[in-house]
Amino acid sequence: MKLQSLNKKQIQQLFKKGHSLSNDLFAIKFAKSNTNPGVCISFSKKLKLNKPQKNKFKRQIRDILSKNICQLSDFQFIIILLKTPSETKEHYNLLSQKITELLSEINNPYNEI
């Protein structure tokens, strides 16, 4: 199963009506959607990343999300990178850990959505 991109209208609806979670690296806006799940990856303007840096982070985040696809099947997401990892050698593992933490919070049965 491939991750679908969100269109402009879906993104606007998520910002208006979606729930949000965040940690030190990411902010996630999400809403339950059984009909058309999808994802949008965005970056904070404060990061001032150039295109190659953004593309690298997008590839890494998509790879992490594809490994956790079973947790994503019922939701639409906007994932915003707020801060780049300071550890250059282990940044993929740190990104993976932080995204997995947020996804497990979303799928927590005690979390009211």
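This tour moves from the sheet to the helices packed on it, and then to a pair of helices.

The model is predicted, so local features require pLDDT of at least 70 and side-chain atom pairs pLDDT 80 or more, whereas totals for chains, interfaces and linings use all residues. Residues are numbered from 1 along each chain as its sequence is written, and side-chain values use heavy atoms, leaving out hydrogens and water.

**The sheet.** Select the four strands, which form an open sheet of mixed pairing in the order S1-S2-S4-S3. Strands (E, at least two residues) and helices (H or I, at least four) are DSSP runs, numbered from the N terminus; two strands pair if DSSP finds at least two bridges between them. Strand S1 (19-22) and strand S3 (38-43) are at the edges, each with a single partner strand, so one side of each has no neighbour in the sheet.

Next, display S2 (residues 26-32) with S4 (residues 75-81): the two run antiparallel and are joined by seven bridges. Within S4, Phe 75 is the bridge partner of Lys 32.

**Helices on the sheet.** Angles run from 0 to 180 degrees between N-to-C directions, with axes fitted to C-alpha atoms, for helices over the stretch in contact. Contact means heavy atoms within 4.5 Å. H2 also packs on the sheet, touching S2, S3 and S4.

**The helix pair.** Finally, select H2 (residues 51-67) and H4 (residues 91-106), whose axes come within 10 Å and cross at roughly 50°. Residues making the contact include Phe 57 and Ile 61 of H2 and Leu 95 and Ile 99 of H4.
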